[in-house]
Amino acid sequence: MYLVYFVVTPNPMIEAHNLTKTFKDKKRGVITAVDNVSFTCRPGQIYGLLGANGAGKTTTLRLLATLLQPTTGTCVIAGHDTVRASEQVRAQVGFLAASTALYGRLTAREMITYFGELNGMGDDAIHARIKQLAGELDMHEFLDRRCDKFSTGMKQKTSIARTLVHDPAVMIFDEPTLGLDVMTARAIVKFVRRCRERGKTVIYSTHVMSEVEKLCDIIGIIHDGRLVTEGTLPQLRERYAEPDMEEIFVKAVGGEAAIAAALNR
Amino acid sequence: MNWQAILIVYLKELKDQLRDRRTIISTIVLPTVIMPVMMFGFGVVMTKIIKKAQDEGTNVMIVGSAGAPELIKALKADPKFRVVAETGDYQQRIADKKLRVALELPADFEAQVRVGQPATAAVLYYEGEIKSGIGARELEGFMQKYRTALVEGRLKERGLPLELTKPFELKRRNVAPPEKVGGATIGGFIPYIIIILCFSGAMYPAMDLTAGEKERGTMETLMCSPTSRINIVFGKFLTVLTASVATMVFAMISMAGTALIGGSLFAGKAAAMQSAAAKSASAGFMPTIDPAGMLGVFALVAPVAVFFAALLLTVSLFAKSYKEAQSYAGPLIIVVIIPAVFGLLPGIELSAKTALIPILNLSLVCKEMLSGTWNWPFIGLIFGSSCLYAAIGLAVCVKMFNREDVMFRA
Ligand SMILES: Nc1ncnc2c1ncn2[C@@H]1O[C@H](COP(=O)(O)OP(=O)(O)OP(=O)(O)O)[C@@H](O)[C@H]1O
Ligand SMILES: [Mg+2]
């Protein structure tokens with residue numbers, strides 16, 4: 001009985017404790033982009049980070065991916081501290097954001113191979129992995145074409161393959177369907193779901209409400225750097241007495257006026 | 001630091017750069033083409049100008065010609081001069097470059113000379129105007145010879161020996177061996193060119209691999225990989241260094257080729273022209289250079305190339321965009337050229353102090369090495385200090401890569 005419980009709820013893969021990140025900006029002064037954020041995420045779960053523009057989603061995810069160091073607070077991923085053991089963390093993490101572009105002068109295959117090599121993979125392993133990912137993401141026809149000639153969808157698929165080449169335990173997706181057409185967006189959502197089935201830990205940030213409803217096991221609403229509420233979809237529906245995700249979001253952040261105020265800041 | 005990871009980054013960056021037309025142009029095409037164009041162009045233009053000046057001869061106007069028929073006759077007999085008709089506006093005509101020189105004489109010049117009255121002849125020219133200056137020197141030379149001839153005529157008339165005007169002979173003889181002449185004339189010029197090539201060859205890749213990547217968003221992708229930043233820095237640094245050295249090597253090969261082909265070409269032409277001026281001109285393009293000196297130059301340039309690569313990477317990493325990086329690196333080339341130019345100035349010599357000034361020290365010691373002088377203590381000091389500057393540059397560059405306010409500048 002105890003063993004079954006352990007299998008169903010394994011140890012958290014991501015543990016963020018009181019993460020705070022401030023930036024010093026010449027014009028705006030000190031900006032608190034992430035303010036005392038704590039959450040955990042377990043393998044086989046998709047954690048959805050929902051927030052408006054400038055809410056602090058990307059900054060939070062960059063802290064997890066060790067690209068930035070928290071001003072205060074700590075984060076442990078797969079048992080490694082993101083500041084003290086950043087290389088071990090990155091070896092376990094695949095990070096995809098709008099700001100992680102492809103090398104335009106490389107082909108998709110070269111791009112994926114490069115990141116496989118940087119992850120210490122051998123030629124055979126990379127070759128096999130590219131074959132597998134290209135099949136799953138349906139990218140065989142453009143695998144040997146240069147990335148600068150790609151459509152947004154081809155680019156995003158190549159980026160996902162780049163992110164996952166080393167088969168990381170943790171996947172961090174920052175608005176992965178941004179700017180994609182319905183079919184490509186659906187393909188990517190489907191792919192993320194398949195990752196969950198394989199027991200991966202997924203963090204997924206977005207401001208698209210429908211994706212959150214369809215995809216995420218736990219939803220965290222971030223506003224003005226703070227994690228204002230967190231829970232499963234049924235829990236949130238109950239808490240805010242609203243069936244619709246958009247209404248829940250607006251209520252959680254304190255009404256439309258609060259969103260407008262945050263945007264103007 | 002992990003050499004395998006550095007190699008992975010280096011090979012990828014090299015492949016990436018080789019696919020970039022701008023890099024190919026700045027590291028291969030430009031340095032290969034610019035040398036022959038510069039040398040041939042310079043040579044052809046110089047030969048033409050000298051030949052033209054000789055063919056034309058110096059046009060000279062005698063003011064007060066009525067009083068000096070003998071002088072005019074002698075002047076007309078000299079092929080170097082073309083005597084033009086006397087007009088009143090000669091000063092204006094010199095200023096307008098229609099006339100190179102004028103000789104101003106008193107109205108009764110020859111009569112005065114005959115009776116032994118001291119007369120004054122003035123050579124009028126335009127200071128700063130090359131052709132006018134050459135004409136003035138030729139005319140002065142002619143007048144001095146003419147005066148000596150008059151003196152000798154008078155001595156002869158009175159039965160006195162000619163030695164009276166010349167108590168002794170004065171001669172001039174060159175003792176410098178040809179490679180010394182070569183080292184001194186173009187020895188300062190070669191390191192200057194190498195320094196500029198080294199810098200300009202590193203400039204484009206350094207900007208593309210840092211600011212360019214930040215602008216295109218690939219820098220963040222690269223930082224997501226588990227490789228530590230120092231490996232990324234070294235991979236990029238080696239790529240920039242390769243481009244810098246390649247630029248230099250392509251330019252040198254092209255320069256040597258041009259000198260080989262052009263040298264024989266100009267030598268042939270000079271012989272055909274049979275003129276001293278053309279000979280000295282062609283000797284200027286083809287001076288002998290000590291090959292060991294050339295190797296020494298490359299050895300001393302190496303740490304400077306490292307320094308340039310690190311400096312350019314650091315500066316352009318700071319920029320947010322390619323454009324911004326250009327606005328930093330562009331003015332930097334002037335900062336680099338100034339000490340190199342100082343090295344060309346006469347009077348600035350190698351000393352314990354100048355040996356520590358980066359770039360200037362290289363410029364100075366190269367001049368010496370190319371002319372066969374090996375000042376080992378200074379060479380050691382310069383190599384050592386250059387290596388130190390290079391190491392500092394690299395350390396600052398690695399520091400920059402680890403600063404998140406630089407990597408994620410909003
Ligand atoms: N490097 C930086 N320097 C200064 N301020 C920054 C930096 N990065 C982010 N910020 C600021 O921090 C705040 C949060 O930004 P962040 O990019 O995390 O928001 P986001 O939720 O990802 O927004 P979006 O939906 O627009 O992507 C914003 O006010 C932003 O301007
Ligand atoms: Mg964002």
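Which residue has a polar side-chain atom 3.2 Å from an oxygen atom of ligand 1? The residue is Glu175(A). Let's look at this predicted model, starting with the ligand site.

Residues are numbered from 1 along each chain as its sequence is written, while chains are lettered from A and ligands numbered from 1 in the order in which they are written. Because this is a predicted model, local features need pLDDT of at least 70 and side-chain atom pairs count only at pLDDT 80 or more, whereas totals for chains, interfaces and linings use all residues; side-chain values use heavy atoms, with hydrogens and water left out.

**The ligand site**

Around ligand 1 there are 15 residues, and the closest include Arg28(A) and Phe408(B). Here a residue is near a molecule if one of its heavy atoms lies within 4 Å of it. Chains A and B both supply residues around ligand 1, so the site is shared between chains.

| Residue | Part of the residue | Distance to an oxygen atom of ligand 1 |
|---|---|---|
| Gly54(A) | backbone N or O atom | 2.7 Å |
| Thr59(A) | polar side-chain atom | 2.6 Å |
| Glu175(A) | polar side-chain atom | 3.2 Å |

On its own, ligand 1 has 640 Å² of accessible area, and the protein covers 77% of it. Such areas come from the Shrake-Rupley method with a 1.4 Å probe; for residues, only the protein chains shown count as cover.

Which element gives the most to the shell around ligand 1? It is α2(A), with three residues. Helices (H or I, at least four residues) and strands (E, at least two) are DSSP runs, numbered from the N terminus.

**Chain A as a whole**

Chain A has 11 helices and 10 strands. Its C-alpha atoms fill a box of roughly 55 × 50 × 40 Å, taken along the principal axes.

**How confident is the predictor?**

Confidence in each residue is given by pLDDT, from 0 to 100. Chain B has a mean pLDDT of 84, and 89% of its residues reach 70 or more. Within chain B, helix α1 (residues 3-18) has the highest confidence, at a mean of 96, and helix α11 (residues 276-285) the lowest, at 43. For the complex, the predictor gives an ipTM of 0.91 and a pTM of 0.81.

Definitions and conventions:
A polar contact is a pair of N or O atoms within 3.5 Å; within protein, one must be able to donate a hydrogen and the other to accept it, and residues adjacent in sequence count only if both atoms are side-chain atoms. pLDDT is the predictor's confidence in each residue, from 0 to 100.
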